[in-house]
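Have the structure open beside you as you read.

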Amino acid sequence: MNAMATAAGPDRDASRVPVRGLTVLYDAGCSLCTFLRDWLVRQRQLVPLELVAAGSPEAARRFPGLDHAATLEEITVIGDGGQVYRGAAAWVVTLWALAEHRPTAHRLSTPAGARLARGVVLAAAKWRGGLWARREGTWGGSTYTGADGWTYDQAVGWTYNPPACAGGACPPR
């Protein structure tokens with residue numbers, strides 16, 4: 001799987017440790033997030049999933065090294081070997097854990113699939129942002145621009161403009 005993983009805490013060579021369990025941190029105050037949590041628990045799991053509310057005392061106790069404010073902003077999944085997946089990579093690894101969706105996860109782990117997965121994550125973030133803005137009595141605006149080059153404009157939809165490479169060196173995709 002090509003999903004990005006980094007060690008949480010001491011370096012345990014997380015990229016080579018097999019994943020036998022995943023903890024999904026979800027925003028318990030978000031209706032989309034709780035809907036997806038409920039959907040996940042109904043799926044047949046090849047790799048066991050534990051669902052824990054992001055920012056909760058339980059999440060802080062289990063994962064003291066995480067930025068818990070960030071886990072409320074973006075889906076975060078932690079592997080039992082110390083791997084930390086965020087955003088699109090978190091969705092891909094979560095789908096990989098499900099019997100019916102593992103083939104989809106493999107397709108989403110390709111370069112083209114990763115762009116699609118990122119677009120889905122950004123669409124969900126936009127929906128969540130609009131939901132929170134409506135709760136606050138304001139509208140979040142008509143555009144969304146991410147640092148990764150994805151932009152959403154209500155008039156034209158999603159577009160991708162890769163960010164410029166610093167010093168002529170672009171990170172691999």
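## A buried threonine

T34 has a relative accessible area of 18%, and because the cut-off for buried is under 20%, T34 counts as buried. Please keep in mind that this is a predicted model.

T34 sits in helix 1, which runs over residues 31-42. Setting aside neighbours within four places in sequence, its contacts are Y26, D27 and A28.

Helix 1 is built from 12 residues and reaches 17 Å from its first C-alpha to its last, close to the 16 Å expected at 1.5 Å a residue. Which residues of helix 1 are buried? They are C33, T34 and L40. These residues cover an arc of only 115° around the axis, so they lie on the same side of helix 1.

Turn to the face of helix 1 that points away from this buried side, and you will find the exposed residues F35 and R42.

## The nonpolar cores

The largest nonpolar core has 19 residues, and those touching the most other members are L22, L49, V77 and Y85. Strand 2 (22-26), helix 4 (87-96) and helix 5 (102-108) are the elements that give two or more residues to this core. Helix 4 gives the most, with six residues.

Methods
Residues numbered from 1 in each chain as written. Predicted model: local features only at pLDDT ≥ 70, side-chain atom pairs only at ≥ 80, totals over all residues. Heavy atoms only, no water. Helix = DSSP H or I, 4+ residues; strand = E, 2+ residues; numbered from the N terminus. Buried < 20%, exposed > 50% of the residue type's maximum accessible area, 1.4 Å probe, protein only. Contact = heavy atoms within 4.5 Å. Expected span 1.5 Å × (residues − 1). Arc of directions from axis to C-beta. Core = buried A, V, L, I, M, F, W, Y, C linked by side-chain atoms within 4.5 Å.
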